[in-house]
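Work through the exercises below with the structure open. Each task is followed by a solution in steps.

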Amino acid sequence: MAKYLLLKHYRGGPAPVNEVPMDQWTPDEFEAHVQFMHDFAARLERTGEFVDGQALSPDGVWVRYDGEGRPPVTDGPFAETKDLIAGWYVIDVDSYERAIELAGELSAAPGAGGDPIHEWLEVRPFLAAPPTVIE
Amino acid sequence: MDDVELRELVPAVLSVLVRRGADFATAEDAVQEALIRALSAWEDDAPSDPEGWLIAVSWRAFIDMARSDAARRDREVRFGGDPPAGVAPCADDTLRLYFLCAHPDLTQSSAVALTLRAVGGLSTRQIAQAYLVPESTMAQRVSRAKRTVGRAGLDRPGDVRTVMRVLYLVFNEGYSGDVDLAAEAIRLARQLATLVDDPEVAGLLALMLLHHARRRSRTRAGGGIVPLAEQDRSLWDTGLIAEGVATLQAALAQDRRGEYQAQAAIAALHADASRFEDTDWVQILEWYDELLRFADTPIIRLNRAVAVGEADGAPAGLAALADVDQNIPRRDAVAAHLHERNGDLELAARLYASAARSAPNLAERDHQTRQAARLNQLLRHHR
């Protein structure tokens, strides 16, 4: 088994095919989307591939150390940040192919007009613990 | 005897051990050990004196723990094997236990964890599941909390205010996993109300009961939020409402008012309306004004603006909103609602979308997005 992160971005990926902001969908289209996401998570749990799923608020700040005895420096939030993470699933699957397959299904979530959003999702393998046998 | 009835006995049992001279941290572990044994030993046949059984088994577990600890540190054990007789559970000791778990030296999360374990009798695993953190993290939080109160001791224990704040935090967490934190907070508030004669404790209990009574109507099947105006009031639990109202009336009769009683009074007025249109917003507004005298916070001012909007119309509500801090959560949502009622649908739709962006949780975000989508659909039809 290998773990993968399916990363969803508010901004930063290539433009999706069906790009209409959510608040411009009809309420029914929005319901269908929420239901799809709900079903997707439930299905991952049933297949024993779900590890974690979280959503992030778009607000965030940059923080860094500013020297002994000084409070950390914060910067932002930047309205123009190019890459903005919206949330993720962590899945534990048998193969890279399965991770790609699941990301493809998630990308088909319905949006405006009830059509798939074709949203770009980033798939990143976890760096796992070393295996027992390495020679 | 079920799990909840068993856990009812925990604070009394623990306070007996502490009064017999056991240190709080070890005694608490010993009571947890006894609880685990009780769950398997009592499966078929509960003892006639469950509390006595728990005290005896906890005491023996404590002695075992103290001995092995003493052996590790090469010290002598001061306690004998047989439980000293004559120490019976006592309400003051149990109350002191509540205070200790809400000690002012503890962080909020530590006080919550320690209260749920030492007073609530929940296991570390159950508390961890409820707060969605790893069990080892919660175990650390509990043991650090015990060290903190061990150092601080009982010289400066918390008081009933800090206990109420902890119980209110637990109540607001809602539930996930197999432990219903709202129900647990109500159980502990009920127990606290029997230990201390304070109308604010009764007010807190009433507030919890009245909110809990509406729980089934507050969410849709998929977890979506149903606003008060759209809730199916036939789903409200009339038994809990009656108990909440009676508890509140008894508290108010003592004529020592406070913020929990005022909040409970507002909840009671909502519960009293059989339809949303029947809500007595004028009285609710009076209670908000009273509430502001006890606690002038931006959240209360925000909620008051909603009440002003209902009692005196949307323009008055918007005027009240102008005094509310711009940066508090849900302000855009309230502004959107008031502007919608005032007929400015375009501004309202933009504010709902903004409220969705700054929503503190997913259910709220979905709800505000749904509101924006609803208005935008209306606006498209009108164009």
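**Exercise 1.** Which helices of chain B are included in what covers the buried residues of H8(B)?

Solution. The cover includes helix H3 (24-41), helix H5 (91-101), helix H6 (108-119) and helix H7 (124-130) of chain B. Helices (H or I, at least four residues) and strands (E, at least two) are DSSP runs, numbered from the N terminus. The model is predicted: local features need pLDDT of at least 70, side-chain atom pairs count only at pLDDT 80 or more, and totals for chains, interfaces and linings use all residues. Residues are numbered from 1 along each chain as its sequence is written, while chains are lettered from A and ligands numbered from 1 in the order in which they are written.

**Exercise 2.** Check the length of H8(B), then sort its residues into buried and exposed.

Step 1. Helix H8 (residues 135-152) of chain B has 18 residues and should span 26 Å at 1.5 Å a residue, which agrees with the 26 Å between its end C-alpha atoms. The expected span is 1.5 Å times one less than the number of residues.

Step 2. A residue is buried if 20 or more other C-beta atoms, placed from the backbone, lie within 10 Å of its own, exposed if 12 or fewer, and partly exposed in between. In H8(B), the buried residues are B:Met138, B:Arg141, B:Val142, B:Ala145, B:Lys146 and B:Val149. They are on the same side of H8(B), because they cover an arc of only 135 degrees around the axis. The arc is taken from the directions from the helix axis to the C-beta atoms. An α-helix has 3.6 residues a turn, so residues three or four places apart point the same way.

Step 3. The face of H8(B) turned away from the buried side carries the exposed residues B:Ser136, B:Arg147 and B:Arg151.

**Exercise 3.** Do likewise for H1(A), and find what its buried residues pack against.

Step 1. The 20 residues of H1(A) should span 28 Å at 1.5 Å a residue, and the end C-alpha atoms are 29 Å apart, which agrees.

Step 2. A:Phe30, A:His33 and A:Leu44 are buried in H1(A). These buried residues fall within an arc of 60 degrees seen down the axis, so they line one face of the helix. They pack against strand E2 (50-55) and strand E5 (84-93) of chain A, together with helix H20 (362-382) of chain B.

Step 3. On the other side of H1(A), the exposed residues are A:Asp28, A:Asp39, A:Ala42, A:Glu45 and A:Arg46. A:Asp28 counts as exposed because it has 11 other C-beta atoms within 10 Å. Its C-alpha atom is separated by 9.8 Å from that of A:Ala112, 84 residues apart along the chain.

Step 4. Just after H1(A), A:Gly48 has a positive phi of about 75 degrees.

**Exercise 4.** How many residues does the contact take from chain A and from chain B?

Step 1. Chain A gives 13 residues and chain B gives 14 residues, where contact means C-beta atoms, placed from the backbone, within 7 Å.

Step 2. On the side of chain A that touches chain B, H1(A) supplies the largest share, five residues.

**Exercise 5.** Which residues have the most contacts inside the largest nonpolar core?

Step 1. They are B:Leu17, B:Leu167, B:Leu210 and B:Tyr352, in a core of 108 residues. A nonpolar core is a set of buried Ala, Val, Leu, Ile, Met, Phe, Trp, Tyr and Cys residues joined through C-beta atoms within 7 Å.

Step 2. Helix H11 (residues 199-212) of chain B gives the most to this core, with nine residues.

Notes:
Contact = placed C-beta atoms within 7 Å.
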